[in-house]
Amino acid sequence: MSESVKSFYDDLAADYHSIYADWESAIKRQASALDRLIRGAAAHASVVLDCSCGIGTQAIGLAQRGYEVFASDLSPKAVARAESEAAKRALNMRFAVADVRELEGAFDQPFDVVISCDNTLPHLLTDEDLTLALRNIRRVLTAKGLFVASIRDYDRLLAEKPSIVPLNPGGTHEEEVIVFQIWDWSQGSDTYLLRLFIMSQAASEWRVQEIRTRYRALRRSELTAALEAAGFAEIAWHKPEQSGYFQPIVTARA
Ligand SMILES: C[S@@+](CC[C@H](N)C(=O)[O-])C[C@H]1O[C@@H](n2cnc3c(N)ncnc32)[C@H](O)[C@@H]1O
């Protein structure tokens, strides 16, 4: 079975909202926390790039809050869904399909803020790829522009190494879709194969789809070191208790 990141998110694009019990509320909740953080660090920021927008969870919420939002992602199907979700809400946003390691060509303008939320950077499995992506992000920021990224709390998860991770507690039962993950940890490295199961009810039968991708359990110290190597300054971590966001967030200045 393929472990390609692009195929994983292409296959997931139509059902991605099912990861959340209520995607619409998540859009609002996440934008509110990100907005507070951006305002605190860059009061006059107005032009934002979401360089791993997926179906638009953070990009849509920030556009609804008045930011001028550009959004890109590796997965063409995720970008197409984000584009249609933005159109449904009458939001004026610009989209592109782009790998974060080759971000420079995606849009021809600099950004006050670049965001990459909900655990995208850990898809980059080597230090070389991570630093390459961060250098590209830094290049598209204005001088002293702000980078904002969130990742899972791998410092904690590496101690626990969980194998079964439910995704939509409470479920999106109206749609009869249940999503859960199995994590197969590799021996001798801090990576794991994520096997995502999407169970959906069609007529009286359940259909089960399994898709797979690999993640690096990226420690906060490792991401901090990669940000430094890419030339970022003022690197700061924000815990969920402080930021109101559901994952640890790192901010850094170009
Ligand atoms: C967990 S999803 C989060 C998406 C979105 N931020 C959200 O919360 O809905 C991770 C996203 O990162 C994208 N991604 C993974 N590797 C990427 C890369 N090298 N360049 C650009 N996007 C990438 C995937 O296609 C996917 O949409």
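Into which domains is the chain divided? There are domain 1 (16-152 + 217-253) and domain 2 (156-215). The model is predicted. The centres of domain 1 and domain 2, taken over C-alpha atoms, are separated by 23 Å.

**Around the ligand**
- The ligand has 20 residues around it, and Tyr9, Gly54, Thr57, Leu74 and Asp118 come nearest.
- Eight residues of this shell are nonpolar, eight are polar and four are charged.
- At least two shell residues come from helix H1 (5-12), and at least two come from helix H3 (57-64).

**The nonpolar core**
- The largest nonpolar core has 73 residues.
- Val114, Ile137, Phe147 and Val148 have the most contacts inside this core.
- Helix H2 (residues 23-41) gives the most to the core, with six residues.
- Domain 1 (16-152 + 217-253) and domain 2 (156-215) each provide at least three residues of the core.
- In soluble globular proteins, nonpolar side chains tend to be buried together.
- Isoleucine 137 touches Cys51, Val100, Leu103, Val114 and Phe147, leaving out residues up to four places away in sequence.

**Leucine 125**
- Leucine 125 sits in the loop between strand E4 (111-116) and helix H5 (127-139).
- Leucine 125 has 16 other C-beta atoms within 10 Å, so it is partly exposed.
- Beyond its neighbours within four places in sequence, leucine 125 is in contact with Thr191, Arg214 and Arg216.
- Leucine 125 and valine 79 are 46 residues apart in sequence. In space, C-alpha to C-alpha, leucine 125 and valine 79 are 23 Å apart.

Conventions: Residues numbered from 1 in each chain as written. Predicted model: local features only at pLDDT ≥ 70, side-chain atom pairs only at ≥ 80, totals over all residues. Near = placed C-beta within 6 Å. Helix = DSSP H or I, 4+ residues; strand = E, 2+ residues; numbered from the N terminus. Nonpolar A, V, L, I, M, F, W, Y, C, P; charged D, E, K, R; others polar. Domains from an automatic or database assignment. Buried ≥ 20, exposed ≤ 12 C-beta atoms within 10 Å, placed from the backbone. Contact = placed C-beta atoms within 7 Å. Core = buried A, V, L, I, M, F, W, Y, C linked by C-beta atoms within 7 Å.
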